[in-house]
Structures are given as structure tokens and as C-alpha cells.
There are 4 protein chains.
Amino acid sequence: LRAQARTKLRVAVLAATGMVGQRYVTMLSDHPYFRLTTVTGQSSVGKPYGQVISSGPFPVSREAKDLTVKPTSVDGIGEADLVFSPLPTEAAMSLEPELVKRGYNVITDASPHRMDRLVPLVVPEVNPSHLSLLQRQREAGWKGSLVATPNCTAAGLALVLKPIHAELGLKRVLVSTMQAVSGAGYPGVPSLDILDNVIPFIKDEEDKVETEPLKMLGSVGKGGVKPAGFDISAMVHRVATTDGHLESMYVETEDSFNPSKVAELLARFRGEPQELRLPSAPAEPIIVTKEDARPQPRLDRYAGTVPGMSVVVGRIRKGLDSKSGRLTMLSHNTIRGAAGSTILTAELMYRKGLLG
Amino acid sequence: LRAQARTKLRVAVLAATGMVGQRYVTMLSDHPYFRLTTVTGQSSVGKPYGQVISSGPFPVSREAKDLTVKPTSVDGIGEADLVFSPLPTEAAMSLEPELVKRGYNVITDASPHRMDRLVPLVVPEVNPSHLSLLQRQREAGWKGSLVATPNCTAAGLALVLKPIHAELGLKRVLVSTMQAVSGAGYPGVPSLDILDNVIPFIKDEEDKVETEPLKMLGSVGKGGVKPAGFDISAMVHRVATTDGHLESMYVETEDSFNPSKVAELLARFRGEPQELRLPSAPAEPIIVTKEDARPQPRLDRYAGTVPGMSVVVGRIRKGLDSKSGRLTMLSHNTIRGAAGSTILTAELMYRKGLLG
Amino acid sequence: LRAQARTKLRVAVLAATGMVGQRYVTMLSDHPYFRLTTVTGQSSVGKPYGQVISSGPFPVSREAKDLTVKPTSVDGIGEADLVFSPLPTEAAMSLEPELVKRGYNVITDASPHRMDRLVPLVVPEVNPSHLSLLQRQREAGWKGSLVATPNCTAAGLALVLKPIHAELGLKRVLVSTMQAVSGAGYPGVPSLDILDNVIPFIKDEEDKVETEPLKMLGSVGKGGVKPAGFDISAMVHRVATTDGHLESMYVETEDSFNPSKVAELLARFRGEPQELRLPSAPAEPIIVTKEDARPQPRLDRYAGTVPGMSVVVGRIRKGLDSKSGRLTMLSHNTIRGAAGSTILTAELMYRKGLLG
Amino acid sequence: LRAQARTKLRVAVLAATGMVGQRYVTMLSDHPYFRLTTVTGQSSVGKPYGQVISSGPFPVSREAKDLTVKPTSVDGIGEADLVFSPLPTEAAMSLEPELVKRGYNVITDASPHRMDRLVPLVVPEVNPSHLSLLQRQREAGWKGSLVATPNCTAAGLALVLKPIHAELGLKRVLVSTMQAVSGAGYPGVPSLDILDNVIPFIKDEEDKVETEPLKMLGSVGKGGVKPAGFDISAMVHRVATTDGHLESMYVETEDSFNPSKVAELLARFRGEPQELRLPSAPAEPIIVTKEDARPQPRLDRYAGTVPGMSVVVGRIRKGLDSKSGRLTMLSHNTIRGAAGSTILTAELMYRKGLLG
């Protein structure tokens with residue numbers, strides 16, 4: 001235990017006062033591999049972190065509360081073995097490359113660099129092998145490293161598509177989403193827009209959902225990642241839920257789609273995080289429910305052994321022909337779709353010796 | 001005026017104290033063709049209608065308030081030229097055939113007889129010609145007649161698919177719905193089920209959405225209606241909206257799907273109700289919006305010249321190939337999807353001389 | 001008609017693209033006394049108004065849509081007989097006095113000048129006589145004039161308290177409010193704050209609710225308005241409703257509180273706007289309901305002859321002793337509590353010849 | 001361990017498939033004093049409990065899932081040292097006295113017997129001494145015993161009023177509530193009634209809130225409980241929250257109301273459950289928050305060491321004079337207001353040797 005404590009890596013959380021930032025701080029409390037040593041912010045620089053965040057439902061450790069908020073800048077971070085970056089798009093675009101130049105290992109939830117040639121876009125159960133791109137980054141002279149976590153809707157989608165694609169071969173996926181307001185951050189969606197309403201549009205979201213899973217399910221080749229050879233169509237909607245993105249999809253497959261076999265396939269699916277028993281790995285990455293009216297955001301978003309890290313799949317049915325099927329999936333957007341997935345990636349990197 | 005008053009038909013509304021029943025009563029106030037002479041109920045039999053319904057946002061005429069509620073039974077209705085039947089499924093199953101035997105002309109929102117061979121399933125802009133089945137009913141010895149209005153989700157869907165099918169030829173329609181709680185009647189969906197939640201299931205709904213539009217877009221032949229030759233897949237969801245079903249669909253067509261042409265096609269669409277200038281016919285049955293984030297239930301459900309009777313279509317985009325497209329549609333479920341559509345059918349029947 | 005058109009006053013709406021601003025524009029369409037000639041905005045300056053506002057549920061006239069948005073500044077307004085100012089607090093603080101100096105007649109929904117000694121704070125049914133302060137403004141050398149509309153919660157409250165105070169004499173009013181999100185403007189309340197939640201706090205609101213009605217129910221004397229001699233305690237809450245503030249109050253009176261007499265008193269109440277049959281005056285400023293579970297925001301906010309201009313009162317009951325009572329009131333916050341009330345004040349001023 | 005297992009009491013939960021019933025089953029999993037041996041229901045009699053309840057967010061033990069549902073009747077319960085009765089009103093009225101006649105010890109959440117002369121109405125931190133009435137029950141020849149838990153709104157209210165009354169002496173309490181839909185059970189409040197709405201009425205609720213706390217804060221005398229000598233006025237409202245009743249109150253006291261002293265008084269308050277360290281006793285029964293906009297249902301309903309068992313108080317302010325004050329309180333209605341409070345009472349009875 002003592003030895004382990006000594007080897008804990010020092011981690012920084014950027015934009016730690018934001019909604020996803022707070023999730024990071026909570027999930028990093030008493031983490032066996034990581035020790036939170038830096039939190040950054042903007043208007044709150046210089047204040048104790050505990051004073052800045054309002055006491056919400058998420059427990060924050062004493063240690064985290066005592067940290068002084070540093071500026072979100074290349075010079076603000078100080079010594080850190082790993083930097084979590086849930087930055088807004090524009091800030092991430094310029095700051096993240098700067099951090100890598102300075103030698104930081106950065107894992108980002110932000111979108112700007114996700115599709116970059118040398119940047120692995122990772123969901124740990126889906127494509128751990130893509131971390132081999134870090135070797136290419138070094139070869140290209142990068143001092144630090146950059147790994148990206150996908151869009152919150154794409155993360156859960158890729159997780160569910162992985163075993164189906166591996167077993168049946170995907171040809172087309174047509175997904176319709178019903179997304180929680182927390183996906184837009186805070187203050188995010190005005191209440192006047194969402195009470196008694198649905199908004200059939202989220203800026204830039206459909207493009208991400210249609211491309212990111214293909215990169216994740218693709219294979220690493222010479223020129224970077226060769227995307228998987230199927231097509232995704234996304235129609236996205238914002239609904240009046242707080243957390244948990246629901247995604248209903250129609251899939252077309254190379255081989256026959258047998259609902260009960262697919263149910264088994266999904267329920268059995270395990271990845272490297274499960275094999276390595278990583279601290280944030282849920283026992284079952286995909287929970288399959290047979291109840292008629294499930295999954296539901298309020299009832300299922302914290303299902304499983306690590307709350308928010310399992311996706312729940314239900315209503316697995318045949319499609320219009322034998323080589324197509326339908327299913328509905330729920331994924332916690334700020335945990336499996338952001339902070340949780342990223343920490344799991346960091347745990348995987350730690351265990352593979354990629355953070356030292 | 002006097003002449004007109006004399007020719008007004010006497011109409012009865014069954015289950016008039018229910019949610020759709022109240023919509024009927026409101027919409028029949030001062031109707032130029034119809035005079036409400038009978039309202040039926042269950043627990044409220046014998047009381048004045050005005051005492052039974054709570055004063056809601058819908059204005060009810062003095063005359064309607066003074067009507068005494070009659071029992072919902074073959075003997076309760078008395079003299080009526082037309083009977084509107086928004087009955088629950090089971091009650092409709094047995095009572096409606098009885099009413100027809102007694103010689104009543106019945107138009108029903110209930111589901112049991114929608115797919116019956118001799119029963120026209122009608123949205124007046126979509127398939128007015130199906131009313132020719134009434135002649136077959138007479139030939140088969142029916143004393144009265146029975147016409148059905150489709151499921152609330154199917155009604156709007158058929159309306160939008162009609163011009164697309166006519167022009168481009170539909171091969172497949174994959175629709176994902178986000179439906180308002182009023183679709184389940186009153187008391188309907190418990191609030192504990194829907195606050196901060198989405199329910200990916202509505203009993204029997206998907207089957208109706210997948211079959212009823214095909215009957216409506218089919219053609220009347222010797223054996224009844226031959227359904228249209230394309231396939232529909234429906235994934236339905238209940239969301240926390242009061243009124244207005246949102247439907248996002250992916251369509252595959254025989255001919256090329258050109259978004260701007262489809263937009264024009266839909267915006268230009270008119271049916272017999274518009275030609276005949278029926279009282280409840282909206283000037284534009286389909287309103288096309290070009291705004292990014294529309295249609296939205298709260299903002300668009302009462303759009304157009306007859307509130308609740310126009311559907312609003314937006315986000316018309318290409319699909320994954322040139323012969324497919326995507327669009328999102330909003331339809332007011334208790335007006336265009338129930339009472340309003342049925343009254344429009346009755347108006348059409350009146351003008352065609354089909355109501356005695 | 002021609003004569004009338006000639007006498008219509010030219011009015012400007014500041015911040016016309018905001019939520020209350022849009023209400024003004026809608027309510028001024030085809031107004032018999034006023035002609036909208038100027039709309040101002042910030043980021044939308046130079047564009048046609050119709051392009052700037054998204055097509056919402058409120059109809060905007062062709063003429064209004066064609067107006068070019070001007071800057072919100074002393075020089076931006078041009079010729080106008082009357083200026084409606086639903087400006088944010090800070091902007092109002094400096095701009096409104098400037099406008100008065102330039103000779104404009106300004107009616108404001110903003111808070112900074114409401115309690116100023118020479119500024120009448122008016123709900124037309126409550127204290128039309130306070131408009132006599134305009135004479136004092138002239139005597140003090142003001143080139144234009146300034147009239148204020150109270151806080152959205154205080155407006156409905158003052159309306160209901162007026163006849164009770166006049167008849168029974170108020171000693172104390174303890175009010176607890178449940179306020180709609182539109183009260184905070186747009187974007188206003190983040191949806192993450194209000195879904196499945198209540199917020200027992202609105203910045204500065206309680207102070208306004210506790211003081212403004214006293215000014216309105218006070219009497220004009222030499223030093224300005226002498227506030228009414230009773231006390232108000234307010235506890236305010238934000239709830240997940242779109243429009244309509246619900247206010248439950250406990251009142252202590254000098255004379256006995258007889259619920260049925262108070263019901264009659266409120267139902268009978270009429271003010272100058274009703275006597276003068278002003279265009280925006282509802283037939284009944286206060287509608288009394290006897291149903292157990294009313295008023296309710298969604299069902300009652302548009303009750304009455306001029307939608308949104310009547311408040312609805314229910315649950316009138318005894319208090320803990322004979323000289324106290326309880327009642328619940330609903331008032332549409334952006335109509336009776338803002339744009340509607342202000343336009344009604346303008347109509348009253350027009351008819352009294354106070355607008356030039 | 002073995003000894004402990006042997007001494008665990010056998011408990012039955014009536015109506016165990018209902019909403020509060022499920023809370024009981026969850027909270028009784030692995031309970032150190034109690035072993036769930038009987039669950040009863042109505043339509044589900046004969047089925048395994050685990051099959052009947054849908055897998056919700058509340059974990060149910062393997063053992064509970066394997067129990068066969070028994071009928072809710074005198075003969076259905078079998079051997080049990082203690083019976084928890086979250087029955088509907090009418091069922092409770094007749095069945096509970098029957099159970100007592102048969103010798104069962106019953107603790108009920110139902111209302112019919114709460115105000116009975118010999119029945120203690122208990123919140124364990126408030127009036128544990130009222131359990132002395134059990135002796136009177138025995139003297140009166142009762143074979144079993146009956147203890148009642150108050151109405152969900154009254155429970156939290158009594159808890160907060162207790163230390164204020166003890167220290168300052170209450171004269172009047174005027175409370176306005178904003179109550180969650182779970183308070184009405186399942187299916188309970190129709191979603192059509194509560195979306196975008198507030199309902200200012202809950203049947204019989206105000207009467208309970210105005211009388212039950214007085215019994216709890218009263219003293220046991222010869223004729224039963226003499227109620228406390230102050231008055232309560234309640235105005236209740238249903239709002240669109242899932243769990244957690246918010247109550248804003250104006251209190252008038254004999255002594256001066258000093259907000260910071262009252263804050264301290266409340267924060268320091270402890271009762272017998274805390275002294276005895278009962279398993280379900282929260283470390284702080286009353287948590288005091290100093291943040292402006294708290295307590296809030298979604299953020300605070302699970303605050304404290306035993307989720308749902310602490311109430312949270314904020315916005316403690318002066319009233320209109322020195323002997324009055326205002327405060328806002330949040331209480332979890334199905335835990336502190338029902339199952340949790342009742343289990344805590346049972347724990348207290350167990351430790352005092354009152355359960356056989």
C-alpha cells in the first residue's frame with residue numbers, strides 16, 4: 001500500500017469548476033492510481049476549490065477542496081504527470097497543442113483534435129490498441145502526448161456497436177437520439193427551450209456521431225486510423241432529462257441479426273478494462289434488459305457496479321428483414337460519455353506504462 | 001342563415017368527458033355543418049355536461065354545457081345523424097358494431113376496426129377516395145356506416161408520406177417518435193414515469209404506426225384496400241411534452257431525394273379539404289420550416305390557419321445515398337391526430353352527401 | 001379610418017428582440033392607438049426585425065417584420081411619441097434618464113427608477129391617479145416623462161390586494177410565490193437548475209415584492225407617494241413552469257375576512273381601464289374560480305377576454321382567526337406582469353391626453 | 001454474528017409492491033435488527049417478489065426477491081414480530097385494527113389512526129416519549145400494538161419545529177409547501193396535470209399538516225396526547241419534482257427570533273436516535289445550509305450520512321418583526337416522510353424493548 005501511494009501519479013483537471021470538471025474531481029477522490037494536485041479555472045483563480053463549487057450532490061474530498069484554483073494556461077498547471085482536459089472547444093483548440101509541446105500528457109474530452117491523424121480516439125473497451133499511436137506521436141517528435149475521448153453520444157454508441165460489428169459486420173446504422181440537457185454543459189440549455197418541448201437539433205452533433213465511431217472501430221495503419229467500412233446516419237434531439245442519452249438505432253448487418261443472440265453477444269461483451277480489473281471498469285460494460293419499457297434515463301443511468309459506466313440496452317428486435325435489427329441504448333453522458341470514460345482510459349494507460 | 005341552421009346535422013360525441021371528447025365538444029361549438037345534440041359519459045350520466053368538465057383552457061359553448069350527459073350505450077344516444085366515437089379500445093370493439101346495426105353513422109378514433117376490410121381508414125387530405133367503401137358497406141347490408149381515423153402518430157405520418165410517395169415512390173420509412181403524454185389520454189402516463197425521463201415503449205403503438213399508413217396510402221380494390229408497397233419501421237418513445245408528437249424519419253425512395261425539391265413538394269401539397277374549403281381545413285396541411293432547430297412541440301403545435309391541423313416539417317436533409325432523405329415532423333396528436341382529423345373527415349362526408 | 005390612422009402615435013420598443021420585447025411587438029400589431037415605428041436591439045442592428053426573431057408562437061405583423069433594427073441608444077430611436085423600455089436593469093439605469101432629457105415619453109418595465117420620488121409606478125386598475133406625478137415631472141423641468149410598470153410578481157399582487165385593502169384594510173400580507181422561468185428572461189434559468197427541482201431564491205425579488213405594492217397602494221402627496229400602511233413578507237420560488245406566476249398568500253385585515261364576500265369583492269372589481277373600455281383591458285381584471293384545485297398556471301394563464309391580462313384567484317379560505325384569510329392567485333408574468341400591463345398604462349395615458 | 005442473526009426480528013411489509021413498500025424492502029436489506037420474512041400484495045399474490053417489481057434504481061436483496069408475495073389480509077401475514085403498513089387509507093382503516101387484535105405489532109404510514117387517542121404519532125427525534133402510550137394500549141387490552149408515522153409533509157415540519165418550539169416557543173406557523181409527485185404514490189399524479197404546471201391543492205393534506213405536528217409536539221397526559229399550544233396554517237402545492245417536499249414557513253415566536261442563533265439551534269439538534277446511534281439515524285437530523293439558493297429538491301434530498309433521512313434548512317431570515325422569522329426546509333417525502341422515519345421508529349422500539 002505504501003509503495004502504491006508513492007507511485008500515485010499527479011494529475012491536473014482543467015476547467016475543474018465546470019460540470020464535467022466537477023465529475024472528474026469527484027471520481028478522482030481516493031483514486032488508487034492518481035492524486036489530484038492541480039485544478040484550474042477562470043474567474044475563480046486564487047480561491048480554494050471548495051469555496052468555488054457549490055455543495056452539490058457529488059462528494060468532493062477534503063484534499064480537493066483545499067486546492068487553490070490555478071489559471072487555465074500553459075503556465076498555470078505546474079508539475080503534473082497527466083492532464084485531464086474537459087475544456088470548451090475553442091480553448092482546447094489552442095491550449096492542448098501548447099501543453100503537448102511543453103511535455104504534458106493530455107487526455108481530452110474536447111472535440112478539436114479528435115479526428116487528428118496521430119491522436120487516438122479511445123473508449124477503452126472498444127479500441128485500446130489505438131493507443132499504439134502514442135508511439136507515432138513520439139516518433140513525430142511530440143514532447144508530451146494527446147489522447148482523445150469521443151463525443152458523449154458517440155462513446156456509448158461505439159461501445160454497443162463494437163461487439164455487433166465484430167460478430168455480424170455492420171453495413172449501416174441509423175440512430176435517433178434523445179439527449180439530456182447536461183450534455184450542453186452549464187448553463188447550457190435555457191429552461192425556456194426545453195420545458196414541455198423537444199429540440200430536434202444540436203449544433204455539430206450529428207457530424208460527430210456519424211464519424212467518430214467509425215474512427216474508433218477502424219484499424220491503425222500507416223497513415224493513421226483507417227475508419228470502419230460502414231455508414232452512420234444520426235438524427236439528434238434534446239429532451240427534458242438531466243442526465244443520460246437515449247439512443248434508438250436501426251442496424252443493417254452482413255450476417256443475420258438474431259435478437260436473442262445479439263442480446264447474448266452484448267451481455268457477454270468484455271474488454272481490456274474488465275480483464276485488467278481497472279478501478280473504474282464496470283463488471284458489465286453493456287447491461288442487457290429484457291423488460292418491455294427499458295432502458296429509461298432516470299431508472300437506468302446509474303445501473304451496474306460502477307455507477308454511470310455501464311450502458312443499458314433493451315428492446316432488441318428484428319428489423320424489416322433478416323439482416324437488420326433494432327435496439328435502444330442508454331448511456332450516462334457525463335460519466336461514460338466524458339469524465340468516467342476518460343479516467344478509464346487513463347487507468348488503462350497507467351497500467352500499460354504509457355504515462356511515465 | 002336560416003336555411004343553414006335547418007340543415008345542420010345532429011351529432012353525438014361518445015365519452016365526451018374524456019380528453020379527446022372535450023376536444024370534440026370544443027371544436028364543434030358553432031360548427032357550420034353540425035349541431036351537438038348528445039354527449040355521453042359513464043360516471044357522470046344525468047348531470048349537465050358543463051358541471052362535469054372542469055373549466056379548462058378550451059372554451060365550451062353554453063349550449064354544450066347545458067346538455068345532460070347520457071349513458072354510453074346503444075340506447076343512450078337517441079337521434080343523431082352522426083356519432084363521433086373516441087371510445088377506449090374495448091368499449092369501441094363491441095359498441096361500435098352495435099351502433100352501426102342500429103343504423104348510426106359512426107366515425108371512430110378507436111383502434112379495433114381500423115384495419116377491417118370494409119372500413120375506410122381516412123385522413124381527408126390523404127385518401128378521400130377510400131370513402132367509396134361506404135358503398136360496399138351498404139351492399140353488405142350494413143344499416144349504418146363506420147369510418148375510422150388512424151392512430152395519432154400514424155395520421156401525421158401518412159399526411160407527410162403522401163406527397164413523397166406520390167412523387168418519389170417510397171421503399172422504406174424508418175421512423176423514431178417522441179410522443180406527448182396526452183397521447184395516452186387521461187389520467188394516462190403517471191408523472192413519476194415521465195419527469196426527467198423518456199420511456200422507449202408504448203403498448204401496441206409500433207404495430208399501428210407500421211401498418212395504418214400503408215392502408216391509407218393503398219388503393220381500394222375488390223377485396224378491400226390493398227396496402228401500399230413499402231415498409232415502415234417504428235421505434236416509439238414517450239417524452240415529457242403535453243401535446244404534439246415529434247417524428248424523425250429516414251426515408252428511402254425509388255427516385256432521387258432532393259431536399260429542396262421535397263421541401264417544395266411538401267409545402268405545395270393540398271388535398272380535397274383545401275379545395276372544398278372545409279371549415280376545419282388548414283390552408284397549408286404541411287408547413288415547411290427552414291430554421292435549424294424546428295419543428296418543436298411547444299412552438300409549432302398550433303401553427304397555421306386552423307390551430308393544430310397543420311403538421312410542421314423541418315430538417316429536410318439528404319440521407320446516406322442519393323435515394324434517401326431525412327426529415328423531422330411535428331403533428332398535434334389530439335387535433336390532427338384525433339378530434340380535428342375526424343371532424344374534417346365528417347365535413348368531407350357532409351359535403352359529399354355521405355351522411356344521409 | 002383615415003383620421004384614426006393619422007392620430008395613431010408612433011411608438012418605439014427597446015430591446016425588441018428580447019422575450020418581453022417580442023410580446024410588445026405582438027401586442028402592438030394592429031393597435032388602434034399606436035403604430036410601431038421603431039424597434040431596437042443590440043447584435044441585430046441593421047437587420048430586418050422579421051429575420052432576427054425566430055418564428056415563435058406569437059404572430060408578428062408584416063409591418064413589424066419589415067422594420068430595420070436600430071441601436072438601443074439615445075440616437076437610435078428617432079421620432080417617437082412613446083418609448084416602451086423592457087431593458088435589462090443596468091442599461092435602463094443610465095439610458096432611461098437620458099431619453100427623458102431628450103424629451104421622450106418613456107414607459108419602463110425595468111426596475112431602477114420604480115421607486116423614484118417623481119416616477120409613478122402604475123397598474124392601471126390599481127392606481128391611475130398616480131399619473132398626476134407627470135405634472136410634477138414637468139414642474140421639475142423634465143422635458144419628457146417616465147412612468148414605471150412594477151415587477152412581474154408585484155403587478156398581479158397589487159391588483160388583488162387593491163379591492164381587499166380598500167374594503168377590509170390590510171395589516172399584513174405573507175406571500176409565497178411559485179414563479180415561471182420566463183420571469184428570468186432568455187436565456188435566463190438554465191434547464192439543469194430547474195428540471196425536477198425548485199429554487200427557493202430569486203435575486204432581489206423579495207425586496208421588490210415587499211415594497212412596490214405599498215407604493216402602488218399608497219397616496220400621492222407633496223413629497224411623492226406615501227406608501228400604504230401595511231407590511232408584506234415575500235418568500236419566492238422558481239418552479240418548472242414556462243409562464244404564469246402562482247402566489248399563495250395569507251392576509252391579515254382590519255375588518256373580518258369573509259371568504260364568500262371577498263370572492264364577490266374580487267369578482268366585482270373594475271378599474272378605469274374597464275370603464276374606458278381600453279383596447280387591452282380585460283372585462284374582468286380578477287376572475288374568481290371556485291374549483292378546488294385552481295388556479296393552475298397551464299390551465300388559467302390565458303383566462304378571460306384579453307389573454308394574459310386577467311389574474312385568476314381561487315382557494316379563498318379563512319385564516320387562523322376571523323380577521324385573516326388565505327387565497328391563491330395566478331398572474332401571467334410577461335403579459336399582466338410586463339408588456340400587457342404597460343401597454344394598458346399607455347392606453348390610459350393616451351385617453352387622458354398625457355402623451356403629447 | 002450468529003447471536004445477532006438469531007435475535008433479528010421477523011418483519012412483514014404490507015403493500016410491498018407499492019412505491020413506499022419498495023422503499024421499505026430496499027431499506028430493510030441487510031438490516032442489523034430486522035429480517036424481512038413477509039411481503040404482501042394484491043394482484044401479484046403467489047409470485048416471487050423479484051418478478052413483480054421492475055428493476056428500478058433501488059437495490060433489492062436476493063433474499064427479498066425470492067419471497068413469495070402473500071395476500072394483504074389478516075391471514076396472509078403469518079408469523080412476524082413487526083408489521084410495516086404503508087397501506088392506502090381505506091385498506092388501513094379496517095385491516096390495521098384487525099391485525100392489532102390478532103396480536104401483531106404494527107407501525108403504519110397510513111392516516112386513519114394517526115390522531116387516535118391511544119396511538120402514538122412518532123418522529124423518533126421529536127417525541128420518543130410518546131411511545132409510553134403503548135403501555136396504555138396494553139392496559140386497554142390490546143393484544144398487539146399500533147404506532148403511527150405522520151403525513152410526509154408533517155414529518156419534516158415537526159422535526160424542524162421541535163427545537164424552535166423548545167427554545168423560543170412557537171405561537172404561529174404559516175407554511176407553504178411545494179410537494180413532489182411521489183407523495184401521491186403510484187400511479188398518483190397524471191403527467192398531464194403537472195407538466196408545465198403547479199396544482200395548489202392536495203386532498204385532505206392541509207388538515208393533516210395543520211394538526212399532526214401539534215400532536216407530536218404535545219405532551220402525553222391522562223386522556224392521551226395534549227396538543228401543543230400554537231397554530232399552523234398550511235397552503236399546499238404539488239410541483240413537478242420526483243422526490244423531496246420543499247416547505248417555506250413564516251414562524252411567530254414567544255421570544256426573539258435571531259436567525260444566526262436559530263441556525264445554530266437547528267444544526268446542533270440531536271435526538272434519541274443519534275444518542276443511541278440507531279442504524280438509520282443520520283448524524284445530523286437537520287442540516288443547515290448558508291447558500292443563497294438552497295435547499296433544492298434535486299441537490300439536497302439525499303444530503304447527510306443516511307441518504308434521505310436528514311432535512312435541509314436554509315434561507316433563515318428575520319420576519320416582519322423581531323419575534324418572527326422565515327426559513328425554507330426540504331424533506332425527502334418517501335424516506336424521512338415515510339419508510340425511513342418508520343424504520344427509525346422501529347429501531348428505537350427494538351432498542352427500548354418494545355417489540356416483544
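Predicted model: local features only at pLDDT ≥ 70, side-chain atom pairs only at ≥ 80, totals over all residues.
What share of the 356 residues of chain A counts as buried?

1. On the opening question, 62% of the residues of chain A count as buried.

2. Chain A has 13 helices and 14 strands. Its radius of gyration is 20 Å, close to the 21 Å that the globule rule gives for 356 residues, so chain A is as compact as a globular protein of that length.

3. Sequence separation in chain A: take the contacts with a separation of 6 or more, and 75% of them come from residues 24 or more positions apart.

4. Now the interface. Chain C puts 16 residues in contact with 16 residues of chain A. Together the two chains bury about 1300 Å², with 74% of that on carbon and sulfur atoms. C:Ser191, C:Leu192 and C:Leu195 are the ones to look at: they supply 45% of the area chain C buries against chain A, more than any other three residues.

5. As for elements, helix H8 of chain C (residues 191–194) gives the most to the side touching chain A, with four residues. That side of chain C divides into 10 nonpolar residues, five polar and one charged.

6. Polar pairing across the interface: I'd note zero salt bridges between chain C and chain A, alongside four residue pairs in polar contact, both partners at pLDDT 80 or more.

Notes
Residues numbered from 1 in each chain as written. Chains lettered and ligands numbered in written order. Heavy atoms only, no water. Contact = heavy atoms within 4.5 Å. Buried area = accessible area lost by both parts, 1.4 Å probe. Salt bridge = Lys/Arg side-chain N within 4 Å of Asp/Glu carboxyl O. Polar contact = N/O pair within 3.5 Å; in protein donor to acceptor, adjacent residues only side chain to side chain. Helix = DSSP H or I, 4+ residues; strand = E, 2+ residues; numbered from the N terminus. Nonpolar A, V, L, I, M, F, W, Y, C, P; charged D, E, K, R; others polar. Rg over C-alpha atoms; globule rule 2.2 N^0.38 Å. Buried < 20%, exposed > 50% of the residue type's maximum accessible area, 1.4 Å probe, protein only.
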